[in-house]
Amino acid sequence: MTADANVKLVEQGRKLFAGDWQFFWASPSVETLPPMAGVEVAFAGRSNVGKSSLINALTGRNALARTSHTPGRTQELIFFEGPDKTGLRLVDMPGYGYASAPKTKVASWTALIHKFLQGRASLARVYVLVDARHGLKDVDLDVLKTLDKSAVSYQLVLTKADQVKRAELEESLAGTNAALARHPAAFPDVLVTSSRSGAGMPELRAAMMRLLGERGR
């Protein structure tokens with residue numbers, strides 16, 4: 001990828017995500033998923049990792065995706081659609097690994113996450129969000145194993161980078177990269193982001209524009 005091409009993708013991404021994004025669908029189960037269409041990009045991660053905040057930062061909207069200080073609040077697959085004719089959907093997935101919720105609910109959310117990741121042909125990429133303050137946990141590695149078994153491309157994204165010191169961030173990034181070496185199906189580059197400062201958002205938007213281009217749009 002040349003520098004000029006990358007600059008072009010960043011600008012295309014800026015324009016796309018500055019457009020009209022709207023809530024489209026909510027699915028509490030695999031049986032209630034919307035018909036497959038276009039290119040879907042999903043955001044997975046532990047509860048309170050910042051999925052909803054990241055979606056809001058990407059689209060420049062404060063309340064497109066519902067955020068909460070209470071982990072486990074998102075209990076469905078939430079779909080958002082972009083401007084007409086772009087064919088891109090964003091999917092906010094339920095957070096996993098929230099032990100304080102009733103065990104039956106945790107089991108239900110976990111099953112929904114894994115089934116969705118394994119059986120959705122329109123799902124082009126999963127961004128697995130990892131809190132930069134804590135790094136990868138066992139529950140994250142379980143999701144990576146599911147993704148390894150599926151045909152879905154996935155990439156890791158460190159969130160809340162503004163809340164750690166530079167040395168700690170570099171340590172977290174190094175640990176994440178080392179773990180990825182054991183997951184050859186993963187996209188090799190780890191994105192570093194902050195929903196609060198906007199860091200990494202242009203790169204993430206550009207990555208999605210590249211994905212749209214690869215899928216023939």
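Here is a short chat about the cores and ring contacts in this predicted model.

Colleague: Which residues have the most contacts inside the largest nonpolar core?

Modeller: Phe43, Leu88, Leu90, Tyr127 and Met208, in a core of 31 residues.

Colleague: And which elements give two or more residues to this core?

Modeller: Helices H1, H2 and H6, plus strands S2, S3, S4 and S5. H6 supplies the largest share, eight residues.

Colleague: OK, what does methionine 208 touch?

Modeller: Leaving out residues up to four places away in sequence, Met208 touches Phe17, Val41, Phe43, Leu58, Leu88, Leu90 and Tyr127.

Colleague: How far does H6 reach from its first C-alpha to its last?

Modeller: H6 spans 20 Å over 14 residues, close to the 20 Å expected. Its buried residues include Met201, Leu204, Arg205 and Met208.

Colleague: Switching to rings. How many aromatic pairs does the structure hold?

Modeller: Five. One of them joins Phe23 and Phe80, with centres 6.5 Å apart and planes at 75°, so that pair is edge-to-face. Phe23 is in strand S1 and Phe80 in strand S3, 57 residues apart.

Colleague: Is phenylalanine 80 buried or exposed?

Modeller: Buried, at 2% relative accessible area.

Colleague: What about phenylalanine 24 and tryptophan 25, how are their planes set?

Modeller: That pair is tilted, with 45° between the planes and 5.7 Å centre to centre. Phe24 is partly exposed at 27%, and Trp25 is partly exposed at 31%.

Colleague: Last one: which ring does the charged end of arginine 125 sit over?

Modeller: The ring of Phe187, with the charged end 4.7 Å from the ring centre.

Note on methods
Residues are numbered from 1 along each chain as its sequence is written. This is a predicted model: local features need pLDDT of at least 70, side-chain atom pairs count only at pLDDT 80 or more; totals for chains, interfaces and linings use all residues. Side-chain values use heavy atoms; hydrogens and water are left out. A nonpolar core is a set of buried Ala, Val, Leu, Ile, Met, Phe, Trp, Tyr and Cys residues joined through side-chain atoms within 4.5 Å. Buried means under 20% relative accessible area, exposed over 50%, partly exposed in between (1.4 Å probe, protein chains only). Helices (H or I, at least four residues) and strands (E, at least two) are DSSP runs, numbered from the N terminus. Contact means heavy atoms within 4.5 Å. The expected span of a helix is 1.5 Å times one less than its number of residues. Rings of Phe, Tyr and Trp (its six-membered ring) pair if their centres lie within 6.5 Å; planes under 30 degrees apart count as stacked, over 60 as edge-to-face and the rest as tilted. A charge sits over a ring if NZ of Lys or CZ of Arg is within 6 Å of the ring centre and within 35 degrees of the ring normal.
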